[in-house]
Amino acid sequence: MQDLSPSGVVKPEVRGLTAYTLKHFEADVKLDQNENPHELPADLKRAVVERVLSRPWGRYPEFVPTAVIKTLAKFTGWKEEGILVGNGSNELIQAVLSVTLGPGRRIAVPQPTFTLYKLMATTLQSEVVEVFLNPENMTFDLDGLIQAARTSDVLVICNPNNPTGTLMQTDAVVTLLKNARGLVLLDEAYHEFSEQSARPLLEKHRNLVVLRTFSKAMAMAGLRFGYMMADPDIAREVYKAKLPYNVNIFTLAAAEIVVERRAVLSEAITSLIRERDRVTGELQKRPAVKVFPSKTNFVLIKAGKPARELFDALYAQGVLVRDVSAYPLLDRCLRVSIGLLEENDRFLKALDRALEKK
Ligand SMILES: Cc1ncc(COP(=O)(O)O)c(C=O)c1O
């Protein structure tokens with residue numbers, strides 16, 4: 001008889017994995033998920049609700065959500081046929097990898113980085129080549145990435161990188177595009193905070209795929225929306241692995257309206273960049289912690305104490321951050337999202353108290 005236990009039915013690669021999950025903590029100051037602390041204005045939310053009220057909820061969305069794709073094409077200047085939308089950019093990471101990876105295929109991944117790439121690739125039974133960042137300053141190892149890209153079907157770069165905040169400059173991205181044997185998947189989840197994008201490179205490099213999310217700068221994490229830009233020939237293939245009707249009518253309406261009125265977000269983004277630089281400067285004054293330069297809406301810090309101890313001491317004071325010490329190279333490290341000015345001050349004060357504690 002067939003063995004119906006997990007060891008009998010689930011692929012060994014999957015059984016060996018730890019699920020991507022996050023324990024839920026309540027806290028006054030929530031700095032653990034790189035969300036935008038500035039809520040969208042109430043009148044914008046009302047406009048979304050009005051638009052959705054005028055649509056039938058009992059009917060499926062359009063098979064291809066043309067209106068939002070047209071809006072994104074106008075916003076980015078990229079071709080409509082080269083744009084796909086997803087229920088969060090995570091879904092598009094999965095779609096891209098599922099059409100490119102499988103047994104006998106290989107992906108190159110810098111480490112440490114966003115955990116989902118390796119998790120998905122392993123689920124798909126692909127070989128994962130890890131290229132470690134420079135542990136001193138968390139910069140990318142360009143030579144190592146070039147070597148790995150020459151023999152991989154996909155190279156993924158989170159730019160700027162989560163959880164280190166590191167930015168790869170455009171000339172290095174171009175070098176990788178020229179050397180890569182396969183696709184270069186550039187995850188630009190935090191690009192608004194780096195003021196740099198690979199979007200202009202799409203014109204010249206057919207092996208480039210750019211991913212964006214509305215969960216960070218665009219303040220829509222709760223609604224789940226992301227999009228992909230690529231050569232239309234590539235987009236057509238990825239489309240085959242995307243689930244039908246993957247984005248609901250509520251999210252489609254919100255994404256359209258947020259792009260149309262994106263000026264409302266400019267001030268929030270500018271203030272998060274300003275706060276990131278202020279918090280970095282403040283942390284640099286504290287000899288007990290090392291702070292890595294960041295081009296995102298979070299900072300990575302390394303302390304003399306075990307990360308769990310510091311995490312607990314901050315949490316006891318109502319400040320929730322992310323313990324990233326289990327990532328490769330990140331022993332004693334915490335990732336702290338940039339919040340509102342008052343929240344960042346509370347974090348700094350709580351950190352000082354936590355560091356004083358014996
Ligand atoms: C690098 C990176 N990519 C993608 C995502 C997921 O984005 P989404 O909420 O659009 O699925 C995150 C979220 O933390 C991220 O850090």
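A crossing of two helices is right-handed if the near helix is turned clockwise from the far one by less than a right angle, and left-handed if it is turned anticlockwise. Keep this in mind for the helix pairs below. The model on screen is a predicted one.

**Stop 1: the two domains**

Colour residues 6-39 together with 264-356 as domain 1, and residues 42-260 as domain 2. The centres of the two domains, taken over C-alpha atoms, are 23 Å apart. Where they touch, domain 1 contributes 31 residues and domain 2 contributes 29.

Now stay on the domain 1 side of this contact. Select α2 (12-15), α11 (263-284) and β10 (298-303); each of them supplies at least two residues there. Which element gives the largest share of the side of domain 1 that touches domain 2? It is α11, with 6 residues. By class, the side of domain 1 that touches domain 2 has 18 nonpolar, 6 polar and 7 charged residues.

**Stop 2: the sheet**

Next, show the strands β2 to β8. These 7 strands make an open sheet with mixed pairing, and going across it the order is β2-β8-β7-β6-β5-β3-β4. At the edges are β2 (83-86) and β4 (127-132), each of which pairs on one side only. From one strand to the next, the twist averages 20°.

Zoom in on β3 (residues 106-111) and β5 (residues 154-158). These two strands pair in the parallel sense over 2 bridges. Select A108 to find L155 of β5 opposite.

**Stop 3: a helix across the sheet**

Keep α5 and select helix α6 (residues 116-123). The two axes come within 10 Å and cross at roughly 40°. α5 and α6 are therefore oblique to each other, and their crossing is right-handed. To see the contact, show N90, I93, Q94 and L97 on α5, then L116, Y117, M120 and A121 on α6. The residues of this contact are 6 nonpolar and 2 polar, with no charged ones.

**Stop 4: α7 and α8**

Move to helix α7 (residues 142-150) and helix α8 (residues 170-179). Their axes are 9 Å apart and the packing angle is about 25°. Angles under 35 degrees count as roughly parallel, so α7 is roughly parallel to α8. The crossing of α7 and α8 is right-handed.

Show the side chains of L142, L145, I146, A149 and R150 in α7; they meet A172, T175, L176 and N179 in α8. Sorted by class, the contact of α7 with α8 holds 6 nonpolar, 2 polar and 1 charged residues.

**Stop 5: α4 and α10**

The last pair is helix α4 (residues 66-76) and helix α10 (residues 249-260). They pack at an angle of about 25°, with 9 Å between their axes. That makes α4 roughly parallel to α10. How is the crossing of α4 and α10 handed, left or right? α4 passes α10 in a left-handed crossing.

On the α4 side, select A67, V68, T71, L72 and F75; on the α10 side, their partners are L252, A255, E256, V259 and E260. The contact of α4 with α10 comprises 7 nonpolar, 1 polar and 2 charged residues.

Notes:
Residues are numbered from 1 along each chain as its sequence is written. This is a predicted model: local features need pLDDT of at least 70, side-chain atom pairs count only at pLDDT 80 or more; totals for chains, interfaces and linings use all residues. Two strands pair if DSSP finds at least two bridges between them. Helices (H or I, at least four residues) and strands (E, at least two) are DSSP runs, numbered from the N terminus. Axes are lines fitted to C-alpha atoms, for helices over the stretch in contact, and angles run from 0 to 180 degrees between N-to-C directions. Angles under 35 degrees count as roughly parallel, over 145 as roughly antiparallel, 65 to 115 as roughly perpendicular and the rest as oblique. Two residues are in contact if their C-beta atoms, placed from the backbone, lie within 7 Å. Ala, Val, Leu, Ile, Met, Phe, Trp, Tyr, Cys and Pro count as nonpolar, Asp, Glu, Lys and Arg as charged, and the others, Gly among them, as polar. Domain bounds come from an automatic or database domain assignment.
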